Amino acid sequence: MSGCCGGGVRRGLALLAILFAWREKACEGLGPSSGDADKSPQSDGTSWDVLHRNRRSWVWNQFFVLEEYTGNEPLYVGKLHSDVDKGDGKVKYVLSGEGSTSIFTIDENTGDIHANKRLDREAQAYYTLQAQAVDRITNIPVEPKSEFVVKVQDINDNEPKFLDGPYLAGVPEMSPLGTMVVQVAATDADDPTYGNSARVVYSIIHGQPYFSVEPKTGVIRTALPNMDRETRDQYVLVIQAKDMVGQMGGLSGTTSVTVTLTDVNDNPPRFTHKNYQYTVAESLPMQSVVARIKAADTDIGSNAEMDYRIMDGDGPGQFNITTDEDTQDGVILLLRPLDFETKSSFSLRIEATNRHIDSSFLSLGPFSDTTTVKVTVEDVNEPPVFSAPLSRMVVSEDARVGTSIGRVSAHDPDNSNSGIRYSIDRNTDLERFFNVDALSGVISTAKPLDREANSVHNLTIFAMESQDPTQIGHGVALVSVLDINDNAPVFAIDYETLLCENSMPGQVIQTISAVDRDEPLNGHRFYFSLAAPVASNLNFTLRDNKDNTASILTKRGGFRRREQAVYRLPVLIVDSGTPPLSSTNTLSVRVCECDSDGVALSCGAIAYTATGLSTGALMAILGCIITLLVMVLLIVTMRRRRKEPLILDEERDIRENIVRYDDEGGGEEDTEAFDMVTLRNLNAMRDPSVRRDVTPDTPTFFHYPPAARPAAAAANAARPAYKNLPDNVVFREFIWDRLKDADVDPSAPPYDSLQTYAFEGSGSVAESLSSLESLSTDSDQNYDYLSNWGPRFKKLADLYGNSEGASIFS
């Protein structure tokens, strides 16, 4: 049994023809039987070897299917056939494996294989299938299952692609011809082993004549020498990759390559001008910027960095030049003050040099340049200048007022040579010890001086131009005050001298020294002695130690505090000045009780205790007095607090609001400031059993008729019968009655609220209820309509209605 195969393309058919020829040749002399051996005699007459023909398996090569088939009918792939198949329809062909149902189908009767879908080699290059021939009735395989491959044959359906594009590259400017810039690479998804579908060549579409590309490698190189960045610094190239080795019909793809020329130091600095002119004022402060110059360098970055220096010029040390690192400017600075009158112009020769020089371009010339800068000084009106900024003067402290001690001098530095007027800054001479002559500058004393108070005077002198008073110069006059002996010596400190009662004669009880405010501080010689009145006393003596100290000694012993507690010893001190000065200083000596080591236990007079109360008793009495005073103070404070108005809670505030009606009321709005419940409930009287501590003597404005008094109870005998009163006094008597109750009520707060109504109110539904006229006459007006006004006017309806026998209290 053999398998016959064919393809849909010419190459496949040729291959199948070769296979058929090989099969026929291999089968010559073999019968179609299933393996019986044929015998033939040998040429030498001996018997033939028995030859056995084994049962053949499936024989085929790969099937080929063209990708991207676009026909309307299924694409014929090939044919399977078995020798067992006699054409009687007993054999059925079965196909399994990759795509056996979705992509590939087989005619079970003929073994023809077709592809039902378009195949893409780039998605899957081959399919592995299994074929089998089975008995149609029993499904028993008549041939063993065998595997074969359907290979998708490639066509040129994919263009080259630059997966890393677009590209960015750089190359130094002025590079030699053929310098490599970058390498590009394109990939083609077609089969590189079949035909030229994946063989790519490169070409440059845009970017000539500056750059070129190698067709096979994709290496981009410079095509022109000495490309200058300062002329053009960027190029955009378009590179094409075409398959089929660039032949007609090949597919192509493109990418862009941006090439930037990097800078090299191929341009020296150049000044745009050979001469620069600047003008500055002579008052320009030191370290100020005089001018800024710049040498142009078309390079960038570090290649454009440069240094400036002053090569030569007049006025050495007058100027300096540095480089501004941000702008690469040359900054000329002033090092010394300018003076128009001394020198009015300067000329400087300045050089600019590149810091980083590339030796490859030294042939282009020196990488430096020079220029000349002329600085003209402009005259300004300057303030006067003192001939000596600091003038030192001396004066004796006993100098008379008006004594001249020195002279200051200033001049106008300008050509105008204006006159000068002098004055003293009084902030430096607050007490006005000195004066200065406005024209001559002579300084003299204005007050007596005291060296001990101020030994040095630091005066600021103003020099002002006569023509322009705004121009003021400053000078300093340092006046030192010379000392005279005008201060007598005194004790160095306030001495506290203690003398023990058990002191012996000749004992030193105190060593004293002196000070003198006059000069010299350490050169005085002081002489000590007792003043004449006590020079011959019997208690103490003084010994001058000849070293500006003196010792006080006792002449006797047996000092007693009871006899004399303090001794006062006048000491005379004389200095060595010219003329010598002296002073008498009193030394107090206190007699003390001392222990055996001479340590004072108690000093001064002994306090004698009189007969009477002891100290403890006196302290107790004092404590009692203080306690009584505190109690009295607390009582007074509490009483004062009781007199203050009580701040009660709202529910405990039981005060009465007394309202006095002197005029027509304010309508319903009057009730906003006081409680009307009391007037609306006239029968709400206080309990008659409440105690009345005080009976107020309040006049009654209406004399009650005897018949009007109720006789029910004695406690209510004083209560008026309101229903029997005339209408014009009902409220008046009720209010006065409640006022009396409030005055005698000990539980009520000690204040009342009185409110006066002197205007006609607004907002009352009943309009005016004035009693000025209605209650002053005996009118027969009908008030029955009040009962129709609602609950607010119920009381008025009861009071003024015509209900006979009705009580006015409800």
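**View 1. Buried residues of helix H4.** In H4, the buried residues (under 20% relative accessible area, with over 50% exposed and partly exposed in between; 1.4 Å probe, protein chains only) are Val-730, Glu-733, Phe-734, Ile-735, Asp-737, Arg-738, Leu-739, Asp-741, Ala-742 and Val-744. This is a predicted model, in which local features need pLDDT of at least 70, side-chain atom pairs count only at pLDDT 80 or more, and totals for chains, interfaces and linings use all residues. Residues are numbered from 1 along each chain as its sequence is written, and side-chain values use heavy atoms, without hydrogens or water. Helix H4 covers residues 730–744. Helices (H or I, at least four residues) and strands (E, at least two) are DSSP runs, numbered from the N terminus. The 15 residues of H4 should span 21 Å at 1.5 Å a residue, and the end C-alpha atoms are 22 Å apart, which agrees. The expected span is 1.5 Å times one less than the number of residues.

**View 2. Asn-548 in a loop between two strands.** Asn-548 sits between strand E37 (540–544) and strand E38 (549–554). Its side chain reaches the backbone nitrogen of Phe-526 at 2.7 Å. The side chain of Asn-548 also reaches the backbone oxygen of His-524, at 3.0 Å. Beyond its neighbours within four places in sequence, Asn-548 is in contact (heavy atoms within 4.5 Å) with residues including Ile-512, Ser-513, Ala-514 and Arg-525. Phe-528 is another contact of Asn-548. The two are 20 residues apart along the chain, with C-alpha atoms separated by 8.1 Å.

**View 3. Ser-583 in strand E40.** Strand E40 spans residues 582–594 and holds Ser-583. Ser-583 counts as buried, at 15% relative accessibility. Its side chain makes a polar contact with the side chain of Asn-585 (3.2 Å). Such a contact is a pair of N or O atoms within 3.5 Å; within protein, one must be able to donate a hydrogen and the other to accept it, and residues adjacent in sequence count only if both atoms are side-chain atoms. Leaving out residues up to four places away in sequence, Ser-583 touches Ala-488, Pro-489, Val-490, Val-571, Leu-572 and Ile-573.

**View 4. Thr-128 in strand E6.** Thr-128 belongs to strand E6 (residues 126–135). Not counting residues up to four places away in sequence, Thr-128 touches Gly-97, Glu-98, Glu-147, Phe-148 and Val-149. The C-alpha atoms of Thr-128 and Gly-99 are separated by 8.6 Å, with the residues 29 apart along the chain.

**View 5. Val-630 in helix H2.** Helix H2 (residues 615–643) contains Val-630. Val-630 is partly exposed, with a relative accessible area of 46%.
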